[in-house]
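I set out to record the backbone and strand pairing of this entry. My notes follow the display.

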Amino acid sequence: MVMAKPKLLYEESRQQSLEENRKKMAALNLPQLAQLAHPAPVELARPRTFEKHLVQVRRSTRVSNHSSPVYKEVFVERVRMPRRSYRSSRQKGLWNRTNASASDEARAAALHEAQELVSGLGSDNPTIVKTILPSYISGGFFLCLKRQFCIENLSKGDEVMTLVDVDGNEYPTRYLAQRFGLSAGWKEFAFAHDLVEGDALVFQLIRPTAFKVYIVRVKRSEGSSAGSA
């Protein structure tokens, strides 16, 4: 009997604590929050299913009255057109003369004749002699001059240089100071005078921006004549 009383007091205290806790939870709406925190499971929607039906394609009445077209593979013979040449007659002649062979002796003879021509011109005006190479009269048509001659006598920047032939005809060209040579305009001069590999040219500086040009033709096996032009 002595032990039953403390146990009874403990149960009463426990029940009292539980009741106080219920009142606090009711005041704070904790039961409703608990339901929101653990919502009821939502049933997922079932995937939609599609059924395939064969339907007739609507066709125009004008087409539906005719049978379906039949496509056949047809082989067509390819016609090859001959390539056109846009090279002018002068260019063709220059091309032929560029590929015409000239002996080393003929080149040396043309160069020697050009050097004799320089001796006859005197030393009042600076002169240089250039033997025509294939690259000078084909492709990019760029004539390389002597570096030291350009540094001592020509402009330090790009300049328009006029080439004057023995007949007094003038041909403006573009001198490129960084490359020490003639570019634009040199092609026209080469075409006009039918320059070929092995020809020797004497350039005499008659003005700061003008060359007098003498041409010594190279002798070839084709029997063409040589001389100044």
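I began with phenylalanine 180, which is buried at a relative accessible area of 17%; buried means under 20% relative accessible area, exposed over 50%, partly exposed in between, with a 1.4 Å probe and protein chains only. The model is predicted, so I noted that local features need pLDDT of at least 70, side-chain atom pairs count only at pLDDT 80 or more, and totals for chains, interfaces and linings use all residues. Residues are numbered from 1 along each chain as its sequence is written, and side-chain values use heavy atoms, with hydrogens and water left out.

I looked up the phi of phenylalanine 180 and found a positive value near 55 degrees, in a residue other than glycine. Most residues other than glycine have a negative phi. Phenylalanine 180 lies in the loop between E4 and E5; strands (E, at least two residues) are DSSP runs numbered from the N terminus.

I then turned to the pairing of E4 with E5 (residues 181-182), which is antiparallel over two bridges; strands pair if DSSP finds at least two bridges between them. Tyrosine 175 stands opposite leucine 182 in E5. This hairpin has four residues between its strands.

Next I checked E3 (residues 159-164), which runs antiparallel to E4 (residues 170-176) and is joined to E4 by six bridges. Valine 164 stands opposite glutamate 170. Here five residues separate the strands, and glycine 168 takes a positive phi near 90 degrees.

Last, I noted phenylalanine 141, with a positive phi near 50 degrees. Phenylalanine 141 sits in the loop between E1 (127-131) and E2 (143-144) and counts as buried at 10% relative accessibility.
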